Amino acid sequence: MKRLCLTMVLLTIIASTSVLQSQDIANRVVVVNGGAYSNPYDFVTVTAFDPETTVTEYLATIHTQSVQGLLVHNGFAYVAAQDSLAKINIDNGVVEKCVLATGVNKIAVHNDKLIISRQFPVTSGFVQIRSLTDLTLMATFDEITDEAWDIAIAGDTAYVSVAGGWTSTTGKLALINLADLSFIKEIDLGPDAIGIGPVFQNNNQLIFVCKTPWGGNSGSLVKYETASGAYTVHPFLAVLGKAAGIHNDTLYLLINGNVGTIDLNTMSITNPNLIQNPYDTLMITALCLETINHKIYVNYSYWIASPEGHGIIYDLDGTNVGNYPVGVSAEEVAVDYRNTALVKKPELSDKNVTCYPNPCQDLLFVENIPAHSQIIIFDLQGRRLLTHNHQDGDQAAIDLSRLSGGMFYLYVQPVEVTINTGAYSPNLVQNSILFIKQ
């Protein structure tokens, strides 16, 4: 009996250890910057922020000038950028596939399929199904009557918010069977659902945010029961906008330009100013709720090159607990959730090059530099702006006083490796450190 008990204890310990060693984590936070609309050479850039090391890495560039959607799934970022749909490996920054997808908007995943919503300039086929692997087109749904926006998956059904264009007078909901790729129906939710867009699952319900139309002063939420198909529309006398997510029956979203909360049980605004925008010249362009550590990531940016954007991390009480760099038109942010058994992060050691402070002013300090190296500063377009020849020791102070404020990349390499002084070098920027000069 003692041997049996001891065996059971050991099995329990082993099982517990296995659980502890294999759990979901918020691996990194992916940010997509649309670039300055006035600059035809300021392209979409994708970066990843590691909340553990606070290091932001450049991942990839997509040669378009706006971003509409981002899905992070199983180590890949799927980016909707103007007329392109790109699949990017988050671990190495390789753009594994990029296809033409006119009007591409929001993205969802179900098994081996991507569900894509579409908007202007397309006039039909407002939802498509594509292969998760190579982005090839599998189905197009012409039954959907207007521009489509966000997508939720429940069971084998996709629920797509159909907001239409800016002149729309009603909000609609389209249902698609993902098992056989068939159109089920489209529901007209009425004029109170104008602006229907972001959607989140909460227990057996879908919560759609109907964003306030331009110049309006009210918005609404649609609560849809997936089991019965019943729905209710709840109006609010407030300007509703983009949403971060749901935690404990509380929806975190933009209310009158700030991040506020709505109680989904009472359908009432509980705090319209949980997080107030601290900037006069920047807007909240994206936000997301990180559900493991219960943090909210908020992108503050604008659509021109100056002022530079900022990213701030908040807890669910609205307290500022950190920051991360973002660029111009930083209109998407999402969390890269992983299982620890599948994550292989590099060991921290004295050989990792680091720089501080970040953001910096005129001096940037770099540590753990190999002897006889070059420290190279690139701009976001990959142009080399500054080179510092480092000889001895493992530290250096880089004078950045001649550079204007903005986001830059720092790369360290042995001097025997030759760099083309003019052209952008993807292999250099891919392994560089992103920093901000104020």
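Two strands count as paired here if DSSP finds at least two bridges between them. Keep that in mind while looking at this predicted model.

**An open sheet**

Four strands line up in the order β8-β9-β10-β11, making an open sheet with antiparallel pairing. β8 (104-110) and β11 (137-141) sit at the edges with a single partner strand each, so one side of each has no neighbour in the sheet. On average, neighbouring strands of this sheet are turned by 20° against each other, direction ignored. For a look at one pairing, take β8 and β9 (residues 113-118): they run antiparallel and share five bridges. There, His110 stands opposite Lys113 in β9.

**Aromatic rings**

Next, the rings: the structure holds 10 aromatic pairs.

Tyr58 belongs to strand β3 (residues 55-62) and Tyr409 to strand β34 (residues 406-414), so their pair ties together parts that are 351 residues apart in sequence. Elsewhere, ring pairs link Phe49, Tyr297 and Tyr324 into a cluster.

**A patch on the surface**

Finally, Met283, Tyr302 and Ile304 make up a nonpolar surface patch, with about 250 Å² of accessible area together. Tyr302 lies in the loop between β25 (295-301) and β26 (310-315). With a relative accessible area of 32%, Tyr302 is partly exposed.

Key:
Residues numbered from 1 in each chain as written. Predicted model: local features only at pLDDT ≥ 70, side-chain atom pairs only at ≥ 80, totals over all residues. Heavy atoms only, no water. Patch = residues over 30% accessible without salt bridge, like charges linked within 9 Å, V, L, I, M, F, W, Y side chains within 5 Å. Areas by Shrake-Rupley, 256 points an atom, 1.4 Å probe, with all protein chains shown as cover. Salt bridge = Lys/Arg side-chain N within 4 Å of Asp/Glu carboxyl O. Helix = DSSP H or I, 4+ residues; strand = E, 2+ residues; numbered from the N terminus. Buried < 20%, exposed > 50% of the residue type's maximum accessible area, 1.4 Å probe, protein only. Axes fitted to C-alpha atoms, helices over the stretch in contact; angles between N-to-C directions. Phe/Tyr/Trp six-rings, centres within 6.5 Å; stacked < 30°, edge-to-face > 60°.
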